[in-house]
Amino acid sequence: MKELALKYGCNPNQKPSRVFMADGSELPIEVLNGRPGYINLLDALNSWQLVSELRQATGLPSAASFKHVSPAGAAVGLPLSPVLKHICFVDDIPGLDESPMACAYARARGADRMSSYGDFIALSDVCDLATALIIKREVSDGVIAPGYTDEALQILRDKRKGTYCVLRMDTSYRPEPLERKQVFGVTFEQGRNEVRLDDPALFENIPTQNKTFTADARRDLMIALITLKYTQSNSVCYVKDGQAIGIGAGQQSRIHCTRLAGQKADIWWLRQHPRVLSLPFVPGIRRADRDNTIDVFLSEEEHDDVLRDGAWQQFFTSQPQPLTMQEKKEWIAQNTGVSLGSDAFFPFGDNIERAHKSGVQYIAQAGGSVRDDHVIMTCDKYGIAMAFTGVRLFHH
């Protein structure tokens, strides 16, 4: 297929719309089911690059959950603990423990479930039955993978009354070294961002007093940097145990980005609190309603929205006791060993102060700020190990 006509572009008024190869060659994607849209394909092609690089860097099956051309979650296929299975709502998926691909997507989807609602999925490896069973139950627009088992493909083809978008990627495809796009009729051209983020040299310039990066920390920092390479800038990414737990994208101020991603990381951790794990949901509550309720329960709005008299009964069988601010702080303080990547330098130490509150102990950032000294000093105050990679990863 050399050209694919689309229903419309970013918005319904933007017609005509199509994708094609400028040199007249075949498209590197095959539509196995459904009809992809313009934004679907932007998500598919960006997320495919992300999971491909994660696979190459870590040697593990990798998955991403994309929304509006930025990842809501990204992860590699490490086993899930019983608690992670519970908060990802996959503890009843048969074959999960035997499928690293399914574990990767469960982690990616489970990082920020509200943002992942209606996601586009990328899988680095063949989609198997366990992975398809997870996708089947979630609200999602589509998936791209290098292949599908027969039973997985049948499950996905039945999703959304047969309209679910299923794409197969040609893994042999390599794009041209120059890329172009048009803005307001003006053509932009640049070399593709081919920087390798699995290069050990990225972690050799360590200006902090603590210079020790564990093997897991180096893996997690690679995951953070590769994720940021395909996240709209400004962006930062918190990673723990092989998965992104908080991604801040598209913020004009880096401290706001660090706060946003840190809040997401905190919510991910708070979802593992025993009182959250045991919330008495009413039988049959919809998955999206449950996720939204947990998010509000953990926010500062819980008394007004889900716990006030006359409201809680639609969500819970009994009125749960909210977590106090002190209880939240004490629980978040137990989250340690978190890695943080930034797509450019941190201009001030306030970013480090905020990262420390979410358990960050390892950082990789470009370096080069006129206030690098203040950033280093703040890291040293908390014993944080930080590497200056010298690599900026803006993505627009």
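## Surface and charge

The protein chain exposes about 18100 Å², and carbon and sulfur atoms supply 51% of that area (Shrake-Rupley method, 1.4 Å probe). Its side chains include 44 positive and 48 negative ones, with the centres of the two sets 3 Å apart; Lys and Arg count as positive, Asp and Glu as negative, and His and the chain ends are not counted.

This is a predicted model, in which local features need pLDDT of at least 70, side-chain atom pairs count only at pLDDT 80 or more, and totals for chains, interfaces and linings use all residues. Residues are numbered from 1 along each chain as its sequence is written, and side-chain values use heavy atoms, with hydrogens and water left out.

## Overall fold

You will find 13 helices and 15 strands in the protein chain (DSSP runs: H or I of at least four residues for helices, E of at least two for strands). Buried residues account for 53% of the 396 residues, where buried means under 20% relative accessible area, exposed over 50%, and partly exposed in between.

Two cis peptide bonds are worth a look. One runs from K15 to P16, with omega near -5 degrees, and P16 sits in the loop between β1 (3-6) and β2 (17-20). Another joins S233 to N234, with omega near -10 degrees.

H68 is not a glycine, yet has a positive phi of about 55 degrees; H68 is exposed, at 60% relative accessibility. F89 also has a positive phi, about 60 degrees, but F89 is buried, with a relative accessible area of 16%.

Conventions: Buried means under 20% relative accessible area, exposed over 50%, partly exposed in between (1.4 Å probe, protein chains only). The place of a charge is taken as NZ of Lys, CZ of Arg, CG of Asp or CD of Glu.
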